[in-house]
Amino acid sequence: MKHLSQEWLAELNLVPLWRQRTAGKDAGATTAPVVAPAPLPATQNNHLQGVHNRGYLPHLKAEGGIYFVTFRLADSLPQSALDELERSAPETRSKQIETYLDAGHGECCLRKPEIAQIVIQALKQFEGERYVLHDWVVMPNHVHLVIEPRGAHALSDILHSLKSYTATEANRSLSRHGAFWQHESYDRLIRGQAEFDRCVQYVRENPVRANLAVAPDQYTYGSAGFVAGKDAGATTGEVVAPASLPALAPDEIAQLDWPQLKHAAATCTACALHAQRTQAVFGVGDEQADWLFVGEAPGAEEDLQGEPFVGQAGKLLDNMLASIELKRGEKVYIANVVKCRPPGNRNPEPAEARACAPYLDRQIELMRPKLIVALGKVAAVRLLGRDASIASLRGQVLDYRGTPLIITYHPAYLLRSLTDKARAWEDLCFARETFQGLTKQASATI
């Protein structure tokens, strides 16, 4: 264990208030309030303490401590979010991470009742023996705990055991391989009654803030709802999916910022497609992109991975972008008309496109791209607001609410109709020339 000076601890905002464990705690009491007496100098305290490092995050250990802990799924923060966090100030990074996590990025495996149940049953397995759980919640892509290790059980060992077991069982249940949890966990020693109360309130209210429930006891993936479910006669350990929330109205969606919009799309129930989705496929790329490419709907792979245009159609789109010197994620954003996968990979119905329209409209409004490229008829009809064939729309600069719009074929269609690849190439060249003209025009007006 590496010992650091009090100055280093203060800089890390991890200076603990050392306190003795009460006899009641040692005897197994689980409901006694947490009271932090005046801090003792570390030299007068006979408890183990210090800072140790696992990777890049510091972790404070103090025997008898209570911790606020967060651990998250391996895909819960997209690369764009990680890049942004690298550029942000350390004092704002924690709040940004919370916002990203609550937006529901990644596969969100913990949304599935059978996976949430694996985690909850693992948490309950050694409660009262190895640790006391003062509060907990299982969110779609992360877990919060207010936890007090007992006896000789170290927090690091408890978390390692929990994550190792649940990762193995979840991967087996999902028939998947690879990392399930992100390697690092965030843990903070709670340093007094006020901080304990704040942490418990934060954990309990997290589903409400994330619009997953209207009250903590209505979210059965957390301690409040878990207890309420048992009090109502539910089978011990049973996990019931929270009730669907009313869909936001278009005028409400039109007021959302990026994180709020992503979360609203992830929890949307405006049409029947939400019932069978693995996750909503919001979009990917630069949120201040000059180019916006719009397809029709997620397919099976997109539904699993949470990113539009993967698989063979995605590879073709990436090649199409490269042909005009563009790259996914660099001044390019890719989205779909609808955010949830239609069954059987069919085209979205007009009613489904209308229900999802406020999300795409708000994305475009926030992004303000210089040029939109509609990929296929579904996207063209949605953005133009009228029916027409691709053949009749190609080769023109059309308009979507004041933004230039160009129409070309969908990559999935091109995989089936190789003869139209040459026409798609013409459309891409036309789009590049149009964009260059727009850029010159903008420069001339400055």
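**Close-up views of a predicted model**

View A. Strand 3 (residues 67-72) pairs with strand 6 in the antiparallel sense over four bridges. Strands (E, at least two residues) and helices (H or I, at least four residues) are DSSP runs, numbered from the N terminus; two strands pair if DSSP finds at least two bridges between them. The model is predicted: local features need pLDDT of at least 70 and side-chain atom pairs count only at pLDDT 80 or more, while totals for chains, interfaces and linings use all residues. Residues are numbered from 1 along each chain as its sequence is written, and side-chain values use heavy atoms, with hydrogens and water left out. Opposite Thr70 stands Tyr186 of strand 6. The open sheet has four strands in the order 4-5-3-6, with antiparallel pairing. Strand 4 (131-138) and strand 6 (186-189) are the edge strands, each pairing on one side only. On average, neighbouring strands of this sheet are turned by 15° against each other, direction ignored. Helix 7 (residues 193-209) packs on the sheet and touches strand 3, strand 4, strand 5 (142-149) and strand 6; contact means heavy atoms within 4.5 Å. The direction of helix 7 makes about 150° with that of strand 5.

**View B. The crossing of helix 5 and helix 6.** The axes of helix 5 (residues 113-125) and helix 6 (residues 155-174) come within 10 Å and cross at roughly 155°. Axes are lines fitted to C-alpha atoms, for helices over the stretch in contact, and angles run from 0 to 180 degrees between N-to-C directions. The two helices are therefore roughly antiparallel, a term for angles over 145 degrees. The crossing is right-handed, that is, the near helix is turned clockwise from the far one by less than a right angle. Helix 5 contributes Glu114, Ile115, Ile118, Val119, Ala122 and Leu123 to the contact, and helix 6 contributes Leu162, Tyr165, Thr166, Glu169, Ala170, Ser173 and Leu174.

**View C. Strand 12 and its two partners.** Six of the six residues of strand 12 (residues 403-408) are buried, meaning under 20% relative accessible area (1.4 Å probe, protein chains only). Thr403, Leu405 and Ile407 point one way from the strand, and Pro404, Ile406 and Thr408 the other way. Strand 10 (residues 371-375) runs parallel to strand 12 and is joined to it by four bridges, with Leu375 opposite Thr408. Strand 11 (residues 398-400) pairs with strand 12 in the antiparallel sense over three bridges; Tyr400 has Thr403 as its bridge partner. Two residues lie between the strands of this hairpin, where Arg401 takes a positive phi near 50°.

View D. Helix 14 (residues 377-384) has six of its eight residues buried, so it is largely enclosed by the rest of the structure. These buried residues are Val378, Ala379, Ala380, Arg382, Leu383 and Leu384. Their cover includes strand 8 (291-295), helix 13, strand 10, helix 15 (390-393), strand 11 and strand 12. Just after helix 14, Gly385 takes a positive phi of about 75°. Trp291, Leu383 and Leu405 touch the most other members of the largest nonpolar core, which has 60 residues. A nonpolar core is a set of buried Ala, Val, Leu, Ile, Met, Phe, Trp, Tyr and Cys residues joined through side-chain atoms within 4.5 Å. Helix 13 (residues 350-367) gives the most to this core, with six residues.

Key
Buried means under 20% relative accessible area, exposed over 50%, partly exposed in between (1.4 Å probe, protein chains only). Angles under 35 degrees count as roughly parallel, over 145 as roughly antiparallel, 65 to 115 as roughly perpendicular and the rest as oblique.
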